[in-house]
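Please open the model in a viewer and keep the selection panel at hand.

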Amino acid sequence: MEKIKVGVLGCTGAVGQKLVSLLGRHPFFEISELVASEKSAGMKYAERTSWREASPMPGYVRDIVIKSPCEELDARILFSGLDASVAGEIESDYAGRGYAVVSNSRNHRMDEFVPLVIPEVNGSHIAMVRDQETYKKSGGFIVTNPNCSTIVLALALYPIYRDFGVDKAMVTTMQAISGGGYPGVPSMDILGNVVPHISGEEQKMETELLKIFGSYDGNHVSNADITVSASCNRVPVRDGHTMSVSFSTCREATSEDLIKSLCSYEDLELNLSPDQVVAYMDDPARPQPLLDSATGGGMTVTVGNLRKCPVLGWKFNAFGHNTVRGAAGAAILNAELLVKEGFV
Ligand code: NAP
């Protein structure tokens with residue numbers, strides 16, 4: 001198959017670099033354009049970027065000259081890792097001009113006809129792009145992936161929600177520094193410390209999950225009937241969000257039932273989809289960021305220590321890589337689904 005030309009908006013940031021790293025070795029996407037702010041525009045990618053990925057920068061992107069937002073781009077899909085303060089307007093502009101915008105930013109996630117998609121959970125919602133005005137006029141549209149902690153919670157809870165119903169969930173997160181972008185929280189503020197506040201994060205976890213688990217009738221998404229309470233903390237971990245989750249099921253289940261359900265994702269045959277979407281570890285001291293962040297190339301969510309909760313019935317620990325499963329990998333998976341479903 002001929003490679004599809006793609007661009008990365010916000011190419012110099014934490015998510016942008018992860019996108020460049022993963023797309024640089026993708027079998028059918030090829031980076032043709034890179035975009036960042038005016039202060040980066042005009043410079044070669046390798047000169048401008050403070051590369052923080054463990055693998056080397058893909059050779060063919062080093063000399064690509066960074067463009068400024070809203071310039072004409074030679075690409076069909078634009079992956080957005082733009083700062084949320086500017087993403088809304090820039091993404092809308094590109095969608096209006098016929099590009100397929102696949103975004104990590106929060107700005108359009110809750111818009112009526114914008115799919116908020118995790119292919120393994122609610123892939124059918126992708127068809128909502130047909131109802132976007134820009135799609136009707138120019139073929140352009142916006143698709144979003146969830147916030148980096150919401151997606152971990154959603155993947156860990158979804159099979160149980162599907163099989164037994166879940167009406168309440170309480171989650172306490174321990175989120176990595178890279179979740180705040182590069183360079184992120186100053187080292188003086190995070191080393192040896194826990195910061196019990198991440199702006200806007202709790203509200204995102206409490207609302208996005210309802211749309212993701214919602215039912216889509218071909219016209220609208222009706223929110224799922226589940227109440228989520230989230231408490232979010234920044235901790236001195238480089239990559240990966242860990243969370244303690246308590247939940248109540250609508251129907252009786254044993255721990256064997258729940259573990260079997262957790263691991264029952266079907267294979268969607270998308271390139272970046274891992275063999276195990278959720279891996280259950282029969283070890284009370286797992287998951288841990290140092291041990292579990294590379295599982296499934298960062299695309300697997302790890303769950304462990306399922307046990308009884310005296311308040312809500314059940315609890316477990318969950319973990320996912322925030323810039324891979326929580327951002328760049330999630331966006332690329334959405335783009336693969338768009339290709340598979342013929343929207344690109
Ligand atoms: P970041 O490291 O701060 O990167 C922000 C990017 O936006 C940089 O490339 C920056 O380019 C660009 N930018 C800033 N102002 C701009 C402007 N006026 N015009 C064009 N480009 C501009 O942030 P990040 O962590 O990668 O996050 C990017 C987005 O993804 C955010 O919306 C964030 O909420 C979301 N997200 C992040 C994570 C994560 O784990 N980090 C996970 C999920 C979602 P310059 O270098 O030129 O300034």
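Select R325 and E120 to begin: their side chains meet in a salt bridge, with N and O 2.6 Å apart. A salt bridge here is a side-chain nitrogen of Lys or Arg within 4 Å of a carboxyl oxygen of Asp or Glu. The pair links distant parts of the chain, since R325 belongs to helix α11 (residues 324-340) and E120 to helix α4 (residues 119-122), 205 residues apart. Helices (DSSP runs of H or I, at least four residues) and strands (runs of E, at least two) are numbered from the N terminus. R325 is buried because its relative accessible area is 1%, and E120 is likewise buried, at 9%. Buried means under 20% relative accessible area, exposed over 50%, and partly exposed in between, with a 1.4 Å probe and protein chains only.

The model is predicted: local features need pLDDT of at least 70, side-chain atom pairs count only at pLDDT 80 or more, and totals for chains, interfaces and linings use all residues. Residues are numbered from 1 along each chain as its sequence is written, and side-chain values use heavy atoms, leaving out hydrogens and water.

Next, select K5 and D74, whose side chains form a salt bridge at 2.9 Å, N to O. K5 lies in strand β1 (residues 4-9) and D74 in the loop between α2 and β3, so this pair ties together parts that are 69 residues apart in sequence. K5 counts as partly exposed, with 37% relative accessibility; D74 is also partly exposed, with a relative accessible area of 43%.

Move on to R162 and D163, a salt bridge in which the closest N and O atoms are 2.9 Å apart. R162 is partly exposed at 36%, and D163 is partly exposed at 30%. Then select E72, D93 and R97, which salt bridges with shared partners join into one network. The count of salt bridges comes to 12.

Now select E53, in the loop between α2 (45-48) and β3 (77-80). Is E53 buried or exposed? At 17% relative accessibility, E53 counts as buried. Its side chain makes a polar contact with the side chain of K18 at 2.9 Å. A polar contact is a pair of N or O atoms within 3.5 Å; within protein, one must be able to donate a hydrogen and the other to accept it, and residues adjacent in sequence count only if both atoms are side-chain atoms.

Finally, select E266, D267, E269 and D275, which gather in a surface patch of negative charge. Such a patch is made of residues with over 30% relative accessible area and no salt bridge, like charges being joined within 9 Å. D275 sits in the loop between α9 (255-262) and β11 (278-281) and counts as exposed, at 85% relative accessibility.

Note on methods:
Patch = residues over 30% accessible without salt bridge, like charges linked within 9 Å, V, L, I, M, F, W, Y side chains within 5 Å. Areas by Shrake-Rupley, 256 points an atom, 1.4 Å probe, with all protein chains shown as cover. Lys, Arg positive; Asp, Glu negative; His and termini not counted. Charge placed at Lys NZ, Arg CZ, Asp CG, Glu CD.
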